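This report walks through one protein chain, from single residues to the whole fold. Keep the sequence and the 3D view open while reading.

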Amino acid sequence: CWMRTLLFLLLCFISAPATACECAHGVLDTQAVRAAKDVFVFKVLAAAVVPSEAYPNRAVAKIEIVDRLRGTANIQTVMYSTSWCCGIRIEVGGVYMAFASAAGPKLEIHQGNLLAMGAFGYSRDDRIRRDVLAVLAGKRALDDALVEHSHARLPQIPPPPAPCPGRRVRR
């Protein structure tokens, strides 16, 4: 009996903490696309992590709007989280489609209002553009496969665990 107790206590002190999270924003869906006041495609010109005490994983990117599907927003800067929990990864030179509910010079982006466009550039004849225009017109629902493809490219990958104490790193 004392062996079980000792084993239980030992496992309690050795176990790693759980790393679960829940995102405050929703997932991009047909309703969110249709409700967006502004829908536009942008290219990332520059990006930098600018942490603050309130937002330690905050990043800011300067963008150029390359196509407008709806609205007249003149957004020049997007802000986003780089946290492994609900953060996103965007790349300088990458092309993305944003769905904004409020106009202004800055926009907070996340997986609930952003689609990663194709890895090989963007044209006004792009399949994703045609699909989104059909969703905006009420002719079809947003394709789940399109959202899943985009979400596979956007999330941050959790960082690897720290090396064991006292262990030397080989180079």
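Thr 77 is buried, with a relative accessible area of 19%. The cut-off for buried is under 20%, so Thr 77 qualifies. The model is a predicted one. Thr 77 sits in strand E3. Setting aside residues up to four places away in sequence, Thr 77 touches Val 60, Ala 61, Ile 63, Pro 105, Lys 106 and Leu 107.

## The chain as a whole

The protein chain has four helices and six strands. Along the sequence they run α-α-β-β-β-β-β-β-α-α. The chain has 171 residues, and 33% of them count as buried. Consider contacts in the chain with a separation of 6 or more: residues 24 or more positions apart account for 66% of them. The chain exposes about 11,300 Å². Carbon and sulfur atoms supply 58% of that area.

## Nonpolar cores

The largest nonpolar core holds 21 residues. Which of its members touch the most others? They are Phe 40, Phe 42, Ile 90, Ile 109 and Leu 114. Strands E1 (38-49), E2 (58-70), E3 (77-81), E4 (95-100) and E6 (114-116) each give two or more residues to this core. E2 provides the largest share, four residues.

Neighbours within four places in sequence are left aside here. Phe 40 is in contact with Ile 63, Ile 65, Asp 67, Arg 68, Leu 69, Ile 75, Tyr 96, Met 97, Ala 98, Ala 100 and Leu 107. Another core, of 18 residues, lies apart from the largest one. Its members include Val 39, Leu 69, Met 97 and Met 117.

Asp 38 belongs to strand E1. Is Asp 38 buried or exposed? Its relative accessible area is 3%, so Asp 38 is buried. Asp 38 has no salt bridge. The nearest side chain of opposite charge, Lys 37, is 5.2 Å away. The cut-off for a salt bridge is 4 Å, so Lys 37 does not pair with Asp 38.

| Side chain | Backbone nitrogen reached | Distance |
|---|---|---|
| Asp 38 | Thr 72 | 2.9 Å |
| Asp 38 | Ala 73 | 3.0 Å |

Asp 38 and Thr 72 are 34 residues apart in sequence. In space, their C-alpha atoms are 6.8 Å apart. Not counting residues up to four places away in sequence, Asp 38 touches Arg 70, Gly 71, Thr 72, Ala 73, Ala 98, Phe 99, Ala 100 and Ala 103.

## Helix H3

Helix H3 spans residues 127-136 and is mostly covered. How many of its 10 residues are buried? The count is seven. They are Ile 128, Arg 129, Asp 131, Val 132, Ala 134, Val 135 and Leu 136. An α-helix has 3.6 residues a turn, so residues three or four places apart point the same way.

What covers the buried residues of H3? The cover includes helix H2 (30-35), strands E1, E2, E4 and E6, and helix H4 (144-153).

Both ends of H3 have a local feature. At the start, a side-chain oxygen of Asp 126 comes to within 2.8 Å of the backbone nitrogen of Ile 128. Just after H3, Gly 138 adopts a positive phi of about 80 degrees.

Technical notes
Residues are numbered from 1 along each chain as its sequence is written. This is a predicted model: local features need pLDDT of at least 70, side-chain atom pairs count only at pLDDT 80 or more; totals for chains, interfaces and linings use all residues. Side-chain values use heavy atoms; hydrogens and water are left out. A nonpolar core is a set of buried Ala, Val, Leu, Ile, Met, Phe, Trp, Tyr and Cys residues joined through side-chain atoms within 4.5 Å. Buried means under 20% relative accessible area, exposed over 50%, partly exposed in between (1.4 Å probe, protein chains only). Contact means heavy atoms within 4.5 Å. Accessible areas come from the Shrake-Rupley method with a 1.4 Å probe; for residues, only the protein chains shown count as cover. Lys and Arg count as positive and Asp and Glu as negative; His and the chain ends are not counted. A polar contact is a pair of N or O atoms within 3.5 Å; within protein, one must be able to donate a hydrogen and the other to accept it, and residues adjacent in sequence count only if both atoms are side-chain atoms.
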